[in-house]
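Visitor: Hello! I would like to learn how to read a protein model. Could you walk me through one?

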Amino acid sequence: MASSFSQQVGKTLRVFHERVAVDSDTFELVKYLDRFAAEHKIPKRQFIIYPDASGAARNTAGKSDHQIIRQAGYRIKASKKNPFVKDRVNCVNGILRPVAGTPRMFIDPSCVETIKCFRNQIWKENSDPPEPDKEHGFDHMMDAVGYKVWNLFPLRMSASLGRSPQDSPQRKVA
């Protein structure tokens, strides 16, 4: 289970901590969050968890993963369904390396796994639509970062996208 800890400051996201735990479950994650909150003197209500949407249905000991996290005192913001992978990747790329302007996501050098995943995640060969290569495990941290970025900075489509000028409504000038 991969977890990315970050803070939104205006339109910027700063990734400052990470957790990678093999064969972990939601109860272990909650214990870790409790220790982290206590150690850093951060009230639980200030944490917002941006999980995979499937956690609303996935069961651990008769409860969904989302229920376990909420009952522990943490807030969750999750979509009803996950965005398309390509859209989520484009969203992350858009704040990490925008076409115009300055980057809006910064990763602390102490987040070595996150940095390694960003440098090494690739698309699965010949996948259509494109899917991340899951063979090397770089996708888990990318998901952890991606769900938060998608919720905080979703892709915005232009209202005129796909319209030709003649399709646009014409205004009559009196």
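**Reading the core, the rings and a pocket**

Guide: Gladly! Let us begin with the largest nonpolar core, where Phe-5, Val-30, Leu-33, Phe-47, Ile-49, Ile-69 and Tyr-74 touch the most other members out of 14 residues. Please keep in mind that this is a predicted model.

Visitor: What is the general idea behind such a core?

Guide: In soluble globular proteins, nonpolar side chains tend to be buried together.

Visitor: Now the rings, please. How many aromatic pairs does the structure hold?

Guide: A pair of aromatic rings is described by the distance of the centres and the angle of the planes. There are 5 aromatic pairs in this structure. Take Phe-5 and Tyr-32: their ring centres are 6.1 Å apart and their planes stand at 65°, so this pair is edge-to-face; planes over 60 degrees apart get that name.

Visitor: Where do Phe-5 and Tyr-32 lie?

Guide: Phe-5 is in strand β1 (residues 2–9), while Tyr-32 is in helix α1 (residues 26–39), so the pair ties together parts 27 residues apart in sequence.

Visitor: Is Phe-5 buried or exposed?

Guide: Buried means under 20% relative accessible area. Phe-5 has 6% relative accessibility, so it counts as buried. Tyr-32, at 19%, also counts as buried.

Visitor: What kind of pair do Phe-5 and Phe-36 make?

Guide: With ring centres 4.7 Å apart and planes at 40°, Phe-5 and Phe-36 form a tilted pair. Phe-36 lies in helix α1 and Phe-5 in strand β1, so this pair links parts that are 31 residues apart in sequence. Phe-36 is buried, at 6% relative accessible area.

Visitor: Which residues form the aromatic cluster?

Guide: One cluster is made of Phe-5, Phe-16, Tyr-32, Phe-36, Phe-47 and Tyr-74.

Visitor: What classes of residue make up the lining of the second largest pocket?

Guide: That lining has 9 nonpolar, 3 polar and 3 charged residues.

Definitions and conventions. Residues numbered from 1 in each chain as written. Predicted model: local features only at pLDDT ≥ 70, side-chain atom pairs only at ≥ 80, totals over all residues. Heavy atoms only, no water. Nonpolar A, V, L, I, M, F, W, Y, C, P; charged D, E, K, R; others polar. Phe/Tyr/Trp six-rings, centres within 6.5 Å; stacked < 30°, edge-to-face > 60°. Helix = DSSP H or I, 4+ residues; strand = E, 2+ residues; numbered from the N terminus. Buried < 20%, exposed > 50% of the residue type's maximum accessible area, 1.4 Å probe, protein only. Core = buried A, V, L, I, M, F, W, Y, C linked by side-chain atoms within 4.5 Å.
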